[in-house]
Amino acid sequence: MNKIILFIALFLGATQLQAQDAKAIIRQCNLSYATIKDYSCNINLTFDIPGLNIGTIDGSVYFKKPTKFRIKTKGIAFLPKQNPNQIPQIMADTSSFTPLYIGKETIAAQNVNVIQMVPLKDNDVVAARFYINAKGQILKAQISTKENGTSDIINVYDDKVSTQLPASSVISFDMKKFKVPKMVAVDINSKNTKKPGDNNKTTGSVTMKFSSYKINQNIPDIVFTEQ
Amino acid sequence: MIKLIKVELFKIAAKPRSYIGLLAITIIVLLIQMAMLADGKGFLSFIFSSFSQSFDIEGKILNGNLVAFIVLQMLVMQMPLLIVFVTGDIISGEAADGTLRLIAGRPFSRTKIFFAKYTASAIYTAILTIWLGLMALLLGRILFGNGDMIVLKSDSLTVIRSADVLWRYMAAFGIAFLSLLLIASYSFCISAFSNNSITPIIICMGTIIVFTIIGTLDIPFFDYIKPFLFTTHMIVWRDMFYNPLQWTDIAISIGIILFYIVLFTTIGWYHFKTKDILI
């Protein structure tokens, strides 16, 4: 009997410690992001989206706390609903999510702590898992939402670019098959140019390369609304 | 020869039906452009509805390049009809009126007469193509501005950067001219056989409609026939807007178009040389 009580006490204690660990890790990340009120940077976008043939494009990124985010490009771009900025937003929202320590893993030859963010109330984000290294950088994130399915975000950091913000992000996401009404496309007499299997792919990815971060430059609000 | 061509061009210009094509292009293009000006954004949000569930679209989608492409897509079926109204009538109309006998009585060889008429038909076809280009692309850019172009296919989208658009349009209009010249050659050929102007127009349009239906049906049996139908290759202008450009396919299609142009012209010319114009 004493052994069982001891086991339960040890288990509860360990769980409590892990919860504290998870909170401490998230707190460390939040502290790192807390110094960033806004930022802008250059971006280069590369698309790998089934049914969409589009070349790379350059543009600018603008962010302002708490949630303003915009990518402005020099031409047409298809931007996924998910963006790397979702990660700090979820981490900072301690009233909606509680962190849970999952374990340790290795990503890109770095040891990372795996933290699951569990929603405390009804939320569009139903689950989020972050892979955080010793510097508090999020190397990988998996976010599942009710609206847009699951997305994976893989970040690469380069101290020459920024220690807090990623030098590149690859966002992979679920998407629905694309269809243009035949009457509009007027695909009459068309030769069959479909690649085998091309139309069955339902995940797309966008690679974002960031450079020339400018942090806390007091970005005006109009940047986020102007056409 | 040049004098003969001038005479033929004058005859085309004197016929009211020659202006139907120009008028129809003007009305159709203006209607589409006005509609796009009034509710283009709503139309595009309908087209992109399946994409907007996963993406936010950044940039100016509604621009002159996209509108011009939509206009050209819409006119795929109508342009041949506008061409054959005139080119299908050039020999047969004169045979019906009896004026062919008068021309043949003048000191010009039948070959010269035939090719003068053919050249005039080609010039008319070029004028219609250029007018279409001016109305669709130039007016489209004036009304909607320039920008990256979205090319619509039923199962995919291609985005072409604005700097890469103009030369593709020039090449596409060049190929469209060859495609329409093929129709002109076909109707001209039938016109050489016919003694009334309605028959070539009906045969031409009937052929295009039947070939288009075969081209549209996804029945495996038709896959063997489709490569031989000229309508399959007439839409190769659209390939100029795909990435990467399939140069081999484009070259093959242009080669087939040129083959049909030479074939129909040769058949028409051979028959015209020996045609009994006294009937």
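Is Ser187(B) buried or exposed at 0% relative accessibility? Ser187(B) counts as buried, because its relative accessibility is 0%; buried means under 20% relative accessible area, exposed over 50%, and partly exposed in between (1.4 Å probe, protein chains only).

The structure is a predicted model, in which local features need pLDDT of at least 70 and side-chain atom pairs count only at pLDDT 80 or more, while totals for chains, interfaces and linings use all residues. Residues are numbered from 1 along each chain as its sequence is written, chains are lettered from A and ligands numbered from 1 in the order in which they are written, and side-chain values use heavy atoms, with hydrogens and water left out.

Ser187(B) belongs to helix α9 of chain B; helices (H or I, at least four residues) and strands (E, at least two) are DSSP runs, numbered from the N terminus. Apart from neighbours within four places in sequence, Ser187(B) touches Val84(B), Thr87(B), Gly88(B), Pro200(B) and Cys204(B), where contact means heavy atoms within 4.5 Å.

The axes of helix α5 (residues 78–87) and helix α10 (residues 198–216) of chain B approach within 9 Å and cross at roughly 160°. Axes here are lines fitted to C-alpha atoms, for helices over the stretch in contact, and angles run from 0 to 180 degrees between N-to-C directions. The two helices, α5(B) and α10(B), are therefore roughly antiparallel; angles under 35 degrees count as roughly parallel, over 145 as roughly antiparallel, 65 to 115 as roughly perpendicular and the rest as oblique. The crossing of α5(B) and α10(B) is right-handed, and the contact involves Pro80(B), Leu81(B), Val84(B) and Phe85(B) of α5(B) with Ile201(B), Cys204(B), Met205(B) and Ile208(B) of α10(B). A crossing is right-handed if the near helix is turned clockwise from the far one by less than a right angle, and left-handed if anticlockwise.

Buried residues of α10(B) include Pro200(B), Ile201(B), Cys204(B), Met205(B), Ile208(B) and Phe211(B). Among the elements that cover the buried residues of α10(B) are α5, α6 (92–97), α9 (166–193), α11 (220–223) and α12 (230–234) of chain B. At 1.5 Å a residue, the 19 residues of α10(B) should span 27 Å, which agrees with the 27 Å between its end C-alpha atoms. The expected span of a helix is 1.5 Å times one less than its number of residues.

Helix α2 (residues 18–47) of chain B has 30 residues and would span 44 Å if straight, but its end C-alpha atoms are only 36 Å apart. At Asp39(B), α2(B) bends by about 85°; the bend at a residue is the angle between axes fitted to the seven residues ending there and the seven starting there. Among the buried residues of α2(B) are Gly21(B), Ile25(B), Val29(B), Gln33(B) and Met36(B).

The axes of α2(B) and α8(B) come within 10 Å and cross at roughly 20°. Consequently α2(B) and α8(B) are roughly parallel to each other, and their crossing is right-handed. Among the residues making this contact are Ile25(B), Val29(B), Leu30(B) and Gln33(B) of α2(B), and Trp131(B), Met135(B) and Leu139(B) of α8(B).

Leu139(B) lies in helix α8 (residues 110–144) of chain B and is partly exposed, with a relative accessible area of 23%. Beyond neighbours within four places in sequence, Leu139(B) contacts Leu30(B), Gln33(B) and Leu134(B). The C-alpha atoms of Leu139(B) and Tyr19(B), 120 residues apart along the chain, are separated by 20 Å.

**Backbone exceptions**

Most residues other than glycine have a negative phi, and most peptide bonds are trans. The table lists exceptions in the model.

| Site | Backbone value |
|---|---|
| Lys65(A) to Pro66(A), cis peptide bond | omega near 5° |
| Asn243(B) to Pro244(B), cis peptide bond | omega about -10° |
| Ala108(A), positive phi | phi near 50° |
| Ser212(A), positive phi | phi near 50° |

Pro66(A) occupies the loop between β3 (57–64) and β4 (68–73) of chain A, and Pro244(B) the loop between α12 and α13 (247–274) of chain B. Ala108(A) is in the loop between β6 (97–107) and β7 (110–119) of chain A, and counts as exposed at 65% relative accessibility. Ser212(A) is instead in strand β12 (residues 203–215) of chain A, and counts as partly exposed at 45% relative accessibility.
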